[in-house]
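These are my notebook entries on one protein chain. I set out to look up its cores and the packing of its helices.

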Amino acid sequence: MTVLGLGAMGTALAQAFVSAGHPTTVWNRTPGRAPGLTGVTRAKTVADAVSASSLIVVCLLDDASVQEALAPAATEFTGRTLVNLTNGTPAHARRTADWATQQGADYLDGGIMAVPAMIGGPAGFILYSGSEAAFEKYGAVLSAVARPQFVGTDPGLAALQDLALLSGMYGMFAGAFHALALTSSEKVSPTAFAEQLLVPWLTAMLGSIPAIARDLEYGADGAAGSNLAMQSAGFANLLDASRAQGVDPVLLAPMDDLLARAVHEGHGDEDLAAVVQLLRTAG
Ligand code: NDP
């Protein structure tokens with residue numbers, strides 16, 4: 001196979017393919033990158049790299065770099081499979097899928113749910129969408145880098161769910177950062193707080209997310225256990241105390257606004273799925 005891009009992630013991908021015994025050709029815009037990567041064939045041009053393999057994996061900085069890098073090799077893609085593991089939006093994925101189809105190539109878009117150190121190990125996974133035939137043909141090969149999971153034939157679905165998972169991660173980090181800033185404004189050990197209280201609490205609360213999702217999908221089936229009017233009143237204390245402790249509430253103030261809006265719009269006796277609904281209808 002061919003790997004285009006030898007940044008931190010592309011290098012890890014190429015290394016995993018080599019370690020799994022797959023003959024691997026690599027290309028990078030700036031020559032000499034990843035000098036420690038051995039056992040690969042280094043192509044001088046993208047066209048040479050693409051024509052070396054039936055499976056081409058591209059992992060560059062962003063969508064613009066993918067367009068720029070692939071354009072000179074467009075005619076080489078006929079009859080091959082392009083797997084794009086570059087972070088992007090659903091619109092980017094659909095456009096690149098159309099481009100690949102025009103070149104006569106099969107296309108899979110992928111969202112890597114791992115950091116480079118996790119590539120080739122059991123913890124990470126990669127979401128794929130696009131050509132199901134390509135996934136059936138190459139899924140086993142792609143499993144050398146991380147567990148592959150096919151999420152649909154619409155090429156945009158992997159990027160959508162990748163970005164949704166990152167949203168969940170950054171939202172969780174935002175709450176954790178605020179919590180650490182708040183507790184470290186007094187003589188509370190951040191390490192002890194994180195290990196003994198914050199992580200167990202977040203772990204317990206993670207269990208409530210599927211119930212919120214079910215309420216969103218099927219409607220709530222009973223009285224709210226933690227109604228929004230109550231939560232909105234309590235949230236005001238969270239922001240007041242933060243300001244009093246000299247902690248900027250910037251990461252959590254939007255949640256206060258949303259809870260207040262939900263109550264104002266008549267959802268005070270409902271549960272948190274009503275907040276998700278407000279987000280979905282925003283704009
Ligand atoms: P790096 O910054 O380490 O590498 C960027 C790569 O993109 C380099 O190979 C660089 O080439 C290349 N590049 C940038 N612009 C162009 C261009 N115009 N034309 C050709 N090549 C270009 O990034 P990563 O390897 O870490 O990330 C790659 C992708 O993987 C990103 O989309 C990222 O979001 C995604 N990803 C990364 C994760 C991570 O933790 N690292 C986790 C999950 C996804 P050059 O050497 O010439 O500059």
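**Entry 1: Nonpolar cores**

I began with the largest nonpolar core, which has 49 residues; among these, Val-3, Leu-4, Leu-13, Val-57 and Val-58 touch the most other members. Helix H1 (residues 8-19) is the element that gives the most to this core, contributing seven residues. I then noted a second, separate core of eight residues, including Leu-228, Ala-262, Ala-273 and Val-275. The model I am reading is a predicted one.

I looked up Val-57 individually. Leaving aside neighbours within four places in sequence, Val-57 is in contact with Met-1, Thr-2, Val-3, Leu-13, Val-83 and Leu-85. As background I recorded that nonpolar side chains tend to be buried together in soluble globular proteins.

**Entry 2: The chain as a whole**

I counted eleven helices and eight strands in the protein chain. Along the principal axes, its C-alpha atoms fill a box of roughly 65 × 45 × 30 Å. Of the 283 residues, 31% are buried. For contacts with a separation of 6 or more, I found that 62% join residues 24 or more positions apart.

**Entry 3: H4 against H6**

How do the axes of H4 and H6 cross? Helix H4 (residues 90-102) and helix H6 (residues 156-183) have axes that come within 7 Å and cross at roughly 160 degrees. Angles over 145 degrees count as roughly antiparallel, so H4 is roughly antiparallel to H6. H4 passes H6 in a right-handed crossing. On the H4 side I listed Pro-90, Ala-91, His-92, Ala-93 and Arg-94, and on the H6 side Gly-156, Ala-158, Ala-159 and Leu-160. By class, I recorded six nonpolar, two polar and one charged residues in this contact.

**Entry 4: H6 against H7**

I next followed H6 to its packing with H7, where the angle is about 140 degrees and the axes are 11 Å apart. That makes H6 oblique to H7. The crossing of H6 and H7 is right-handed. From H6, the residues Met-172, Ala-176, Ala-179, Leu-180 and Thr-183 meet Pro-190, Phe-193, Ala-194, Leu-198 and Leu-202 of H7. I classed the residues of the contact of H6 with H7 as nine nonpolar, one polar and no charged.

Within H7 (residues 190-206) I also looked up Leu-197. Is Leu-197 buried or partly exposed? Leu-197 has 13 other C-beta atoms within 10 Å, and is therefore partly exposed. Between the C-alpha atoms of Leu-197 and Tyr-107, which are 90 residues apart along the chain, I noted a separation of 45 Å.

How many of the ten residues of H8 are buried? In helix H8 (residues 209-218) the number buried is one, so this helix lies largely in the open. After H8 comes Gly-219, which has a positive phi near 90 degrees.

I noted a right-handed crossing for H8 and H11. Ile-212, Asp-215 and Leu-216 of H8 meet Ala-273, Val-276 and Gln-277 of H11. The residues of this contact divide into four nonpolar, one polar and one charged.

Note on methods. Residues numbered from 1 in each chain as written. Predicted model: local features only at pLDDT ≥ 70, side-chain atom pairs only at ≥ 80, totals over all residues. Axes fitted to C-alpha atoms, helices over the stretch in contact; angles between N-to-C directions. Helix = DSSP H or I, 4+ residues; strand = E, 2+ residues; numbered from the N terminus. Parallel < 35°, antiparallel > 145°, perpendicular 65-115°, else oblique. Left-handed = near helix turned anticlockwise from the far one by under 90°. Contact = placed C-beta atoms within 7 Å. Nonpolar A, V, L, I, M, F, W, Y, C, P; charged D, E, K, R; others polar. Buried ≥ 20, exposed ≤ 12 C-beta atoms within 10 Å, placed from the backbone. Core = buried A, V, L, I, M, F, W, Y, C linked by C-beta atoms within 7 Å.
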